[in-house]
Amino acid sequence: MAFPPVLRLAFVAGRVYMHGKNFEAKTNSAKLFGINDESAARWTGYPLLKALAGVGLIVKICILASSSAGNSAFIATERTRLLIDAGLSRRELKKRLAAIGEDIANIDAVLVTHEHSDHTNGLSALVRGAEGRSLPVYLSCGTARFVDWGECAPPVESFQAGRGFTVGDFDIASFTIPHDAADPVGYTLTAEGIKVAIVTDLGYVTDSLRVHLRGADMVVLESNHDLEMLRVGPYPWPVKQRVMSRRGHLSNEVAADFIRNDLDTRVSTLVLGHISEHNNHPELVRNLASKALRGRELFTRLVVAEPGMQSEVFCY
Ligand SMILES: [Zn+2]
Ligand SMILES: [Zn+2]
């Protein structure tokens, strides 16, 4: 929706201001408006500012899929629509985008985290389906060498892992993550003063990750397996070793440790995803993470991305 630049500026300034306030101030503001403790957890002052400015959302995010069966996330401003990974078929991506009112034909670019098939299965079909329209694909130099494009030759924008770049409205930072892929990265995407981090498929939490996640408004983090379920589960021992290794996946316990020790107080929504269907259960993830959040007395909203399902739409 178009709206006057002055109101837009006031809205964004208000958001930044409210996010900068500490947790107590947010709660007190919420109480002033008669908002109870539970909804205070979600209070940021934005809805009021939004209403005053008469604007819609500024940044829209949806986790289209998050599990070893396929990963893709949608993030957009009014003008720029991106996918992070394309681990679903084009048809499924189209369907899930349509479910949130988005047209696959309007995607401006795809960012890839690494070459594993659960992140790239639908990539070449997505690019082919763009039908003459340029659909740039951003991926690290090492990952670029491992993606099989088949017949199509998309405009590939490869970058050194750790480098930042801009796509439309988004300032994007990439950072290396420890995982058994060629050159895997996590991303933070910032637009309109809102910073979103997407980090899955990593064996442990690095110092660089801690730094990059500072100041994020929304974090999508892996909580892949319950260690005990993995130990007694159906995977062959070498696969179990791989998953548990420092180039494997984050366990629920390590994700909870991250919440306890490192989660920035600014994070208003934490999505835990890439949950194993064989070695984990969403309720285990929820219980452990909720406990860790309570221990910090954070008002961060916890969302567990159920395997196979697309998430709600998050609006900022
Ligand atoms: Zn994966
Ligand atoms: Zn992977």
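Confidence comes first. The protein chain averages a pLDDT of 87, and 82% of the residues score at least 70. pLDDT is the predictor's confidence in each residue, from 0 to 100. Over residues 18-44 the pLDDT is below 50. Beyond near neighbours in sequence, that stretch has 25 contacts in the model. A contact means two C-beta atoms, placed from the backbone, within 7 Å. Where pLDDT is low, the predicted coordinates should not be read in detail.

Some ground rules. This is a predicted model, where local features need pLDDT of at least 70, side-chain atom pairs count only at pLDDT 80 or more, and totals for chains, interfaces and linings use all residues. Residues are numbered from 1 along each chain as its sequence is written, while chains are lettered from A and ligands numbered from 1 in the order in which they are written.

Next, the fold. The protein chain has 13 helices and 14 strands. These are DSSP runs, numbered from the N terminus: helices are H or I, at least four residues; strands are E, at least two. Of contacts between residues at least 6 apart in sequence, 66% join residues at least 24 apart. Of the 316 residues, 43% count as buried (20 or more other C-beta atoms within 10 Å of the residue's own, with C-beta atoms placed from the backbone).

Now two loop residues. Which loop holds Asp85? The one between strand E3 (81-84) and helix H5 (90-99). Asp85 is not a glycine, yet has a positive phi of about 70 degrees. Asp85 counts as buried because it has 29 C-beta neighbours inside 10 Å.

His274 sits in the loop between strand E12 (269-273) and helix H13 (282-296). Its phi is positive too, about 50 degrees, and His274 is not a glycine. Why does His274 count as buried? Because it has 27 C-beta neighbours inside 10 Å.

Definitions and conventions:
Buried ≥ 20, exposed ≤ 12 C-beta atoms within 10 Å, placed from the backbone.
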